[in-house]
Amino acid sequence: MKLRWTQGWQFVATDQHGHSIVLDSPTLGENSGMSATELLLAALGGCMGMDVISILQKKQQKVAQFEIRVTGERRDEHPRAWTRMHVELIVRGRQIDPAAVERAAELSETKYCSVHATLAPAVQITRSIKIEELA
């Protein structure tokens with residue numbers, strides 16, 4: 001990972017595959033990209049999301065739409081570390097088995113998601129699951 005300062009508080013992070021993302025400060029900079037702390041929420045949601053959708057596809061679940069919402073609470077004093085995060089998995093499709101979704105989320109948390117494993121010792125992470133039947 002390489003980060004290049006562009007202007008003000010803005011950096012562009014580029015990984016070894018050439019994929020880039022803009023980081024900035026919403027309060028001190030131009031608010032032209034995600035903050036570094038917001039990226040932690042995105043990383044957790046993305047990591048768990050990839051695990052869960054992969055497992056559900058292997059279980060032949062008919063997922064049409066999948067959304068992950070990640071929220072969190074931070075300390076008031078500096079360093080303003082995350083103290084709590086909540087992951088809401090919203091699965092939309094036909095005849096989705098709630099037990100399959102629960103098991104996929106559990107496997108992500110306990111076996112596959114490296115971001116969850118990294119954050120969990122210091123951050124309380126909770127989750128909820130919502131399944132919506134589509135016609």
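In helix α1 of this predicted model, the buried residues are L41, L44, G45, C47, M48, G49, D51, V52, I55 and L56. Buried here means under 20% relative accessible area, exposed means over 50%, and partly exposed lies in between (1.4 Å probe, protein chains only). The cover over these residues of α1 includes β4, β5, α2, α3 (114-119) and β6. Contact means heavy atoms within 4.5 Å. An α-helix has 3.6 residues a turn, so residues three or four places apart point the same way. Helix α1 has 23 residues. From first C-alpha to last, α1 reaches 33 Å, close to the 33 Å expected at 1.5 Å a residue. The expected span is 1.5 Å times one less than the number of residues.

Because the model is predicted, local features need pLDDT of at least 70 and side-chain atom pairs count only at pLDDT 80 or more, while totals for chains, interfaces and linings use all residues. Residues are numbered from 1 along each chain as its sequence is written, and side-chain values use heavy atoms, with hydrogens and water left out.

The protein chain has three helices and six strands. Its elements run β-β-β-α-β-β-α-α-β from the N terminus on. Helices (H or I, at least four residues) and strands (E, at least two) are DSSP runs, numbered from the N terminus. The C-alpha atoms fill a box of roughly 50 × 35 × 30 Å, taken along the principal axes. Of the 135 residues, 31% count as buried. Among contacts with a separation of 6 or more, 54% come from residues 24 or more positions apart.

Strands β4, β5 and β6 form an open sheet in the order β4-β5-β6, with mixed pairing. The edge strands are β4 (62-74) and β6 (124-133), and each pairs on one side only. The twist averages 15° from one strand to the next. Two strands pair if DSSP finds at least two bridges between them. Strand β5 (residues 82-94) and β6 pair in the parallel sense over 10 bridges.

Helix α1 (residues 36-58) touches β4, β5 and β6, and its direction makes about 150° with that of β4. Helix α2 (residues 98-112) touches β5 and β6, and its direction makes about 155° with that of β6. Axes are lines fitted to C-alpha atoms, for helices over the stretch in contact, and angles run from 0 to 180 degrees between N-to-C directions.

Another open sheet has three strands in the order β1-β2-β3, with antiparallel pairing. β1 (2-7) and β3 stand at the edges with a single partner strand each, so one side of each is left without a neighbour in the sheet. Here the twist averages 25° from one strand to the next. Strands β1 and β2 (residues 10-14) run antiparallel and are joined by five bridges. K2 has T14 in β2 as its bridge partner. β1 and β2 form a hairpin with two residues between them. In the turn, G8 has a positive phi of about 45°.

Backbone geometry was then examined in the loops. Most residues other than glycine have a negative phi, and most peptide bonds are trans. N31 has a positive phi, near 60°. This residue lies in the loop between β3 (20-23) and α1. N31 is partly exposed, with a relative accessible area of 49%. Q60 follows α1 and has a positive phi near 55°. Q60 is placed in the loop between α1 and β4. With a relative accessible area of 68%, Q60 is exposed. The peptide bond from H78 to P79 is cis, with omega near -5°. P79 is found in the loop between β4 and β5.

The charged end of R74 sits over the ring of W82, 5.5 Å from its centre. A charge sits over a ring if NZ of Lys or CZ of Arg is within 6 Å of the ring centre and within 35 degrees of the ring normal. A search of the whole structure finds zero aromatic pairs. Rings of Phe, Tyr and Trp (its six-membered ring) pair if their centres lie within 6.5 Å; planes under 30 degrees apart count as stacked, over 60 as edge-to-face and the rest as tilted.
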